[in-house]
Amino acid sequence: MEEDDYMSFTGFKETMETGFSDNDLKIVYTLHAKYFDHKYTVPCGCGGVRKMDTINVWIKDLQKIYDNGVQSKKLSE
């Protein structure tokens, strides 16, 4: 994970401890789109449970990348 993204996700994780809003989740949507190569998407809110299931999966996906720490840029850049 790039350093800026790592810091943003760290901030989100701290926010999660006390609860979070839809606005706080934007970092999850943004980072998941970036690291899992899909368009920025907000999970459908029509089924609250289904939306939270998706968000929880995305957070777990990002946690795996986060656990690898900050990665340096590629040498070719």
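The accessible surface of the protein amounts to about 5400 Å², and carbon and sulfur atoms contribute 52% of that area; such areas come from the Shrake-Rupley method with a 1.4 Å probe, and for residues only the protein chains shown count as cover. This is a predicted model, in which local features need pLDDT of at least 70 and side-chain atom pairs count only at pLDDT 80 or more, while totals for chains, interfaces and linings use all residues. Residues are numbered from 1 along each chain as its sequence is written, and side-chain values use heavy atoms, with hydrogens and water left out.

The mean pLDDT of the protein is 90, and 91% of its residues reach 70 or more; pLDDT is the predictor's confidence in each residue, from 0 to 100. Confidence is highest in helix α2 (residues 26-35), at a mean of 97, and lowest in helix α3 (residues 48-67), at 92.

The protein contains three helices and zero strands, where helices (H or I, at least four residues) and strands (E, at least two) are DSSP runs numbered from the N terminus. From that terminus on, the order of elements is α-α-α. Along the principal axes, the C-alpha atoms fill a box of roughly 45 × 25 × 20 Å. Of the 77 residues, 27% count as buried, a class that means under 20% relative accessible area, with exposed over 50% and partly exposed in between (1.4 Å probe, protein chains only). Among contacts (heavy atoms within 4.5 Å) between residues at least 6 apart in sequence, 61% join residues at least 24 apart.

Two packed helices are described by the angle between their axes and the distance between the axes. The axes of helix α1 (residues 3-16) and α2 come within 10 Å and cross at roughly 145 degrees; axes are lines fitted to C-alpha atoms, for helices over the stretch in contact, and angles run from 0 to 180 degrees between N-to-C directions. The crossing of α1 and α2 is left-handed, a term for a near helix turned anticlockwise from the far one by less than a right angle, clockwise being right-handed. On the α1 side, Asp5, Ser8, Phe9 and Phe12 meet Ile27, Val28, Leu31, Lys34 and Tyr35 of α2. By class, this contact has six nonpolar, one polar and two charged residues; Ala, Val, Leu, Ile, Met, Phe, Trp, Tyr, Cys and Pro count as nonpolar, Asp, Glu, Lys and Arg as charged, and the others, Gly among them, as polar.

Within α2, the residues Val28, Tyr29, Leu31, His32 and Ala33 are buried. The buried residues of this helix pack against α1 and α3.

Serine 21 is placed in the loop between α1 and α2 and is partly exposed, at 33% relative accessibility. Its C-alpha atom is 19 Å from that of glutamine 63, a residue 42 places away in sequence.

Aspartate 37 is found in the loop between α2 and α3. Most residues other than glycine have a negative phi, and most peptide bonds are trans. Just after α2, aspartate 37 takes a positive phi of about 50 degrees. This residue is exposed, with a relative accessible area of 72%.

Valine 70 lies in the segment after α3. Leaving aside neighbours within four places in sequence, valine 70 is in contact with Met1, Glu2, Glu3 and Tyr6.
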